[in-house]
Amino acid sequence: MTERDALNLTRKSPLKTTLPANVTIARCCDGKVRLERLKSSGVISARAWIAGRDVRKSTGCKTIPQAKLAATAWWLDLCVRVRKGESIGSPAFSHCAEKFLVFQDLRAARGLITQAQANNYRGRAAFWMPDLGRLRIAEMDAECLETIRETRARTRNKRGKPLTMAMIQKDFIFIMGVLRYAHAEMKTLTDVPQAPSFTGKFSAQKRGQPFLSAEEYQTLHHAAKAQCDDEGLNPRTKRQRQHLYWFILISVGGALRVGEAESVRWCDCEMKSLKMPNGTTQEAVRIMVLGKHSKGGAREEAYVLFGGVFAYKQMLAARSPEDAPDALLFPESHREGMKRLL
């Protein structure tokens with residue numbers, strides 16, 4: 001059916017105001033490329049069979065001469081890619097990444113992951129799109145992933161230092177997540193390539209969070225306790241230093257991150273007696289914290305031992321009757337106080 005016949009058909013039928021779907025209106029490239037007018041917009045698309053796949057691309061044109069020029073350029077590009085051994089019909093990494101981000105936003109809205117995780121995916125996507133966006137998803141095999149890993153290992157941050165292993169692994173959490181989504185949900189990958197190894201001969205600068213030795217912690221502990229007894233302090237400063245001392249004891253006694261300790265409320269705390277492996281009992285404070293990987297705002301169980309129990313008892317004795325059950329144990333930030341101590 002030609003375009004003229006199709007137009008005559010629509011004129012004769014008062015119920016039809018658009019062309020039927022998938023109507024071949026012309027051919028080009030020795031008949032190897034068919035031009036079809038889309039029913040919804042009237043834009044002409046090109047369709048061809050190459051390398052065992054039926055592929056289609058919108059020309060963005062509504063007239064046949066312009067569409068033929070665009071379709072011819074597309075066909076020649078396909079032929080060049082086939083001669084190079086590249087995959088035909090595989091979507092770009094950027095296309096899969098956009099759908100992956102939308103999927104993660106939906107999971108965050110349902111409480112399956114935290115919003116911070118979804119935001120981290122978007123941050124990694126904004127960084128990688130200029131470099132990986134044009135790659136076809138099928139071209140990202142194990143060798144390609146290893147090349148990306150080696151390139152990142154040679155990259156330096158804004159301070160001129162090599163990237164840490166943790167930063168490179170965060171990059172691959174995003175990249176592998178997109179590949180798994182393309183395989184499981186979009187069905188555009190037959191299998192997921194093996195992720196590169198981060199052990200063995202591969203090495204990157206190991207720079208995790210610094211930690212204190214036992215002797216250094218004792219020095220910090222004594223310094224925090226001593227500054228509470230300084231003379232001439234106003235009531236506000238004295239209260240802040242006392243709370244900082246309790247904050248250190250509870251954080252160390254419960255192995256809590258700063259954010260976890262700051263999320264604890266009075267109603268999340270309860271004194272418990274734990275039975276130890278040797279048969280003795282140990283006092284502990286059972287607390288419910290918002291952990292780093294808490295999903296949907298659900299709190300996680302943690303136990304504070306040793307000096308943290310002593311600190312909690314002192315806080316209970318000093319607690320104001322005006323503090324509501326959902327009030328925070330540590331309503332003020334102790335970042336500056338810790339910097340001064342360290």
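This is a predicted model: local features need pLDDT of at least 70, side-chain atom pairs count only at pLDDT 80 or more; totals for chains, interfaces and linings use all residues.
Residues are numbered from 1 along each chain as its sequence is written, and side-chain values use heavy atoms, with hydrogens and water left out.

Let's take the whole chain. It has eleven helices and seven strands. Those are DSSP runs, numbered from the N terminus: helices are H or I with at least four residues, strands are E with at least two. The chain has 342 residues, and 35% of them are buried. Buried means under 20% relative accessible area, with a 1.4 Å probe and protein chains only. The accessible surface comes to about 21,200 Å², by the Shrake-Rupley method with a 1.4 Å probe. Carbon and sulfur atoms hold 53% of that surface.

Now contacts, meaning heavy atoms within 4.5 Å. Take those with a separation of 6 or more: 56% join residues 24 or more positions apart.

Next, the strands. Two strands pair if DSSP finds at least two bridges between them. Which strands does strand 2 pair with? One partner is strand 1, residues 23-28, antiparallel over five bridges. Another is strand 3, residues 44-50, also antiparallel, again with five bridges.

Look at Glu 36 in strand 2. Its bridge partner is Thr 24 on one side and Ser 45 in strand 3 on the other. Strand 2 spans residues 33-37, and four of its five residues are buried.

Both pairs are hairpins. Between strand 1 and strand 2 there are four residues, and Cys 29 in that turn has a positive phi of about 55°. Between strand 2 and strand 3 there are six residues, and here Gly 42 has a positive phi of about 85°.

Last, the cavity. On a 1 Å grid over the protein atoms alone, a cavity is a set of points where a 1.4 Å probe fits but cannot get out. How many cavities reach 30 Å³ or more? The count is one.

What lines it? Lining residues have an atom within 4 Å of a point. They include Ile 250, Val 285, Gly 308 and Tyr 312. Strand 6 (281-289) and helix 10 (307-318) each give two or more residues to the lining. By class, the lining has eight nonpolar residues, one polar and no charged. Gly counts as polar here, while Tyr and Cys count as nonpolar.

Terms used: Buried means under 20% relative accessible area, exposed over 50%, partly exposed in between (1.4 Å probe, protein chains only). On a 1 Å grid over the protein atoms alone, a cavity is a set of points where a 1.4 Å probe fits but cannot get out, and a pocket is an open set with protein on both sides within 12 Å along at least five of seven lines; lining residues have an atom within 4 Å of a point. Grid points are joined across faces, edges and corners, and a volume is the space filled by probe spheres set on the points.
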